[in-house]
Every structure is written in C-alpha cells, then in structure tokens.
Amino acid sequence: LNAIMKSHFTEALKLENNARLDRLVLNAPRLTQLSAPALSGLTRLDVTAPKLAQLDSAVMPNLVDLKVSAPGFKQLDLSTLSNLEHLFLGDGALQALTLGANTRLEDIFIGSSKIQALDFSQLSALKNLHLGRNQLQVLDVQSNPALMSLTYTLPAPADIRLPEVGFELPVTVEPAVKKIQALTSADLPDEILRKCVSATATSQG
C-alpha cells in the first residue's frame with residue numbers, strides 16, 4: 001500500500017491503523033506534528049515538512065529508504081533502524097544524528113547542518129558518504145572498509161581519518177567541494193540521490 005500526501009493546510013497528521021502501508025511520500029509545508037503509533041510495514045519514507053521538528057523512527061522499524069527535508073530538526077535518532085540502506089537528509093539546523101545498529105546502511109547524504117560529531121564506526125556496509133557544510137572537527141571513517149566514495153563541502157574537518165587502503169587524495173580541490181574517492185567509486189552525490197529516488201520511481205511503476 002502506497003500513500004502520497006500533499007497538504008498546505010494540515011498542521012497535525014495522525015497515521016493510525018496503517019500496518020500495511022509500505023511507502024509514504026509526504027509534502028506538508030505547515031505540518032508541525034506527525035503521529036504514527038505503528039508503521040511496521042513502512043519501508044520507504046519521503047518527508048518534506050519545513051516546520052516539522054521531530055520524527056519518531058522507532059515506530060518505523062523496517063525502513064529501508066529514508067529521505068527527510070525538514071530544516072526544523074535539531075536531533076534525529078536512527079540507531080534502531082537495522083534495515084536502513086539509504087539515507088538522505090536535506091539542509092537544516094540538525095545538531096545531532098545518532099547512528100548505531102545500521103549495519104545495512106550503504107548511502108548517506110547529509111546536507112548543510114550544525115552537526116559537531118558523527119559516529120560511523122558500526123556502519124560496516126557504508127559505501128557512499130556526502131557531507132554538506134557542518135561543524136565537524138573530526139571525520140573518522142577508518143572503520144568503514146566498504147567505503148568507496150567520500151565528498152564534503154569546504155571547509156573540511158580538521159582531522160580526517162581514512163581507511164588504510166583503497167583511497168587516494170585528489171590533486172586539485174574544487175571551489176566548493178572536495179572529493180576523496182576510491183579508484184572504482186562512482187560520482188557522488190548523484191549516486192546517492194539516484195538510489196534514494198529509484199525506490200520511489202519503481203513503486204510508482
């Protein structure tokens with residue numbers, strides 16, 4: 001069961017008795033509160049809600065694809081989403097992102113944020129990582145052996161710790177974005193965006 005919702009009027013939305021809902025695309029500029037007691041069947045969630053301040057991912061334990069454009073978010077805990085594979089977070093004021101048992105997470109795209117620390121140490125499947133402008137002082141991906149591509153918006157973190165093998169530093173630096181890529185890596189962030197959107201296109205077909 002798929003649902004696509006677009007509303008310019010709704011400030012509070014309740015999603016109850018929707019255990020069969022597999023995919024939800026929500027575009028609600030005025031939404032401030034999302035109540036979803038149990039969405040155990042949900043695997044794909046795409047939310048655009050500029051005024052939404054929080055999201056309880058614990059009620060969506062089977063998410064595989066998550067795309068959130070919600071500049072009002074300050075904190076986001078995704079540590080329990082063990083099936084998550086693709087994560088896209090748009091620009092915003094996010095200060096804390098908690099990742100943990102996300103052992104299937106392959107692609108992460110995080111837009112501009114106020115994040116000061118990120119822990120990728122348990123993300124054994126991580127392949128592609130893009131970080132927008134942030135406040136990171138340390139970027140440690142030494143524990144991510146599957147990593148193929150890393151990009152970040154300048155200024156760079158003061159301390160970047162890479163896997164021991166498979167990476168080479170670029171000879172030149174682009175004006176806005178610096179790339180560190182494995183020899184076989186694909187372009188980023190296009191690769192991540194393609195994967196995030198592909199699930200939506202497939203479901204609609």
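In the protein chain of this predicted model, confidence (pLDDT, the predictor's confidence in each residue, from 0 to 100) is lowest in helix H1, residues 190-204, at a mean of 41, and highest in strand E8, at 96. Over residues 169-205 the pLDDT falls below 50, yet this stretch has 79 contacts (heavy atoms within 4.5 Å) beyond near neighbours in sequence in the model. The chain as a whole has a mean pLDDT of 77, with 72% of its residues reaching 70 or more. Because the model is predicted, local features need pLDDT of at least 70 and side-chain atom pairs count only at pLDDT 80 or more, whereas totals for chains, interfaces and linings use all residues. Residues are numbered from 1 along each chain as its sequence is written, and side-chain values use heavy atoms, with hydrogens and water left out.

The secondary structure of the protein chain comprises 1 helix and 16 strands, assigned as DSSP runs (helices H or I, at least four residues; strands E, at least two) and numbered from the N terminus. Strand pairing requires that DSSP find at least two bridges between the strands. E3 and E5 run parallel and are joined by 5 bridges, with valine 25 standing opposite aspartate 46 in E5. E5 is likewise joined to E6 by 5 bridges, again in parallel; here arginine 44 has aspartate 65 in E6 as its bridge partner. Of the contacts in the protein chain with a separation of 6 or more, 14% are between residues 24 or more positions apart.

Buried residues (under 20% relative accessible area, against over 50% for exposed and partly exposed in between; 1.4 Å probe, protein chains only) make up 42% of the 205 residues.

A search of the whole structure finds 1 aromatic pair (ring centres of Phe, Tyr or the six-membered ring of Trp within 6.5 Å; planes under 30 degrees apart stacked, over 60 edge-to-face, the rest tilted). Phenylalanine 88 and phenylalanine 109 are stacked, at 4.7 Å centre to centre and 15° between the planes. Since phenylalanine 88 lies in E8 and phenylalanine 109 in E10, the pair ties together parts 21 residues apart in sequence. Phenylalanine 88 is buried, with a relative accessible area of 11%, and phenylalanine 109 is buried with a relative accessible area of 11%. The charged end of lysine 67 sits over the ring of phenylalanine 88, 5.2 Å from its centre (criterion: NZ of Lys or CZ of Arg within 6 Å of the ring centre and within 35 degrees of the ring normal).
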